[in-house]
Amino acid sequence: MLPTSSLRALQARVPRRITGRRFASHGPPQFNEPSGWLFGEKPPAPGQKRVKEEWENIWYVGMFGSMAMAAVLLYYKPDTSIQTWALREAKERMEARGEKYKYEPSS
């Protein structure tokens with residue numbers, strides 16, 4: 001049987017060694033507790049306006065400006081589909097042979 005002093009030392013070391021080494025976890029999770037308010041902001045008192053933060057206007061201009069620019073660019077995007085190319089090529093070849101590419105009924 002081990003002497004009591006070595007048992008106490010062993011008991012004191014084991015829990016410290018198990019709980020003391022946290023290699024990849026870096027401790028307990030850090031997060032903001034949920035408050036129940038939308039975006040974590042309390043609504044202003046009646047009669048007061050919400051104060052915008054300095055980055056909000058830049059974000060609005062950047063987000064909606066880039067969406068508008070993307071819509072314009074997509075609207076004016078050139079047609080590069082294979083069907084358009086094939087129709088244009090067929091028209092050119094038929095005109096080169098002297099054929100008509102539009103149907104005209106004979107009456």
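Visitor: Where does Trp-55 lie?

Guide: Trp-55 sits in the loop between helix H1 (4-20) and helix H2 (56-75). Keep in mind that this is a predicted model.

Visitor: How many helices and strands does the protein have?

Guide: There are three helices and zero strands, so reading from the N terminus the order is α-α-α.

Visitor: Is Trp-55 buried, partly exposed or exposed?

Guide: A residue counts as buried under 20% relative accessible area and as exposed over 50%. Trp-55 has 49%, so this residue is partly exposed. Of the 107 residues of the protein, 1% count as buried.

Visitor: Which residues form the nonpolar patch on the surface?

Guide: Trp-55 is one of them, along with Trp-59, Tyr-60, Met-63, Phe-64 and Met-67.

Visitor: How many aromatic pairs does the structure hold?

Guide: The structure holds four. One of these joins Trp-59 and Tyr-60, edge-to-face, at 5.6 Å centre to centre and with 75° between the planes. Planes under 30 degrees apart count as stacked. The rings of Tyr-60 and Phe-64 lie at 20°, with centres 6.4 Å apart, so that pair is stacked. Both residues belong to helix H2 and are four residues apart, about one turn of the helix. Trp-59, Tyr-60 and Phe-64 make up one aromatic cluster.

Visitor: What does UniProt list for residues 58-76?

Guide: The unreviewed UniProt entry lists them as "transmembrane region". In the model, that span is 95% helix and 0% strand, and its end C-alpha atoms lie 27 Å apart.

Conventions. Residues numbered from 1 in each chain as written. Predicted model: local features only at pLDDT ≥ 70, side-chain atom pairs only at ≥ 80, totals over all residues. Heavy atoms only, no water. Patch = residues over 30% accessible without salt bridge, like charges linked within 9 Å, V, L, I, M, F, W, Y side chains within 5 Å. Areas by Shrake-Rupley, 256 points an atom, 1.4 Å probe, with all protein chains shown as cover. Salt bridge = Lys/Arg side-chain N within 4 Å of Asp/Glu carboxyl O. Helix = DSSP H or I, 4+ residues; strand = E, 2+ residues; numbered from the N terminus. Buried < 20%, exposed > 50% of the residue type's maximum accessible area, 1.4 Å probe, protein only. UniProt positions renumbered as here; feature names shortened; annotations may be inferred. Phe/Tyr/Trp six-rings, centres within 6.5 Å; stacked < 30°, edge-to-face > 60°.
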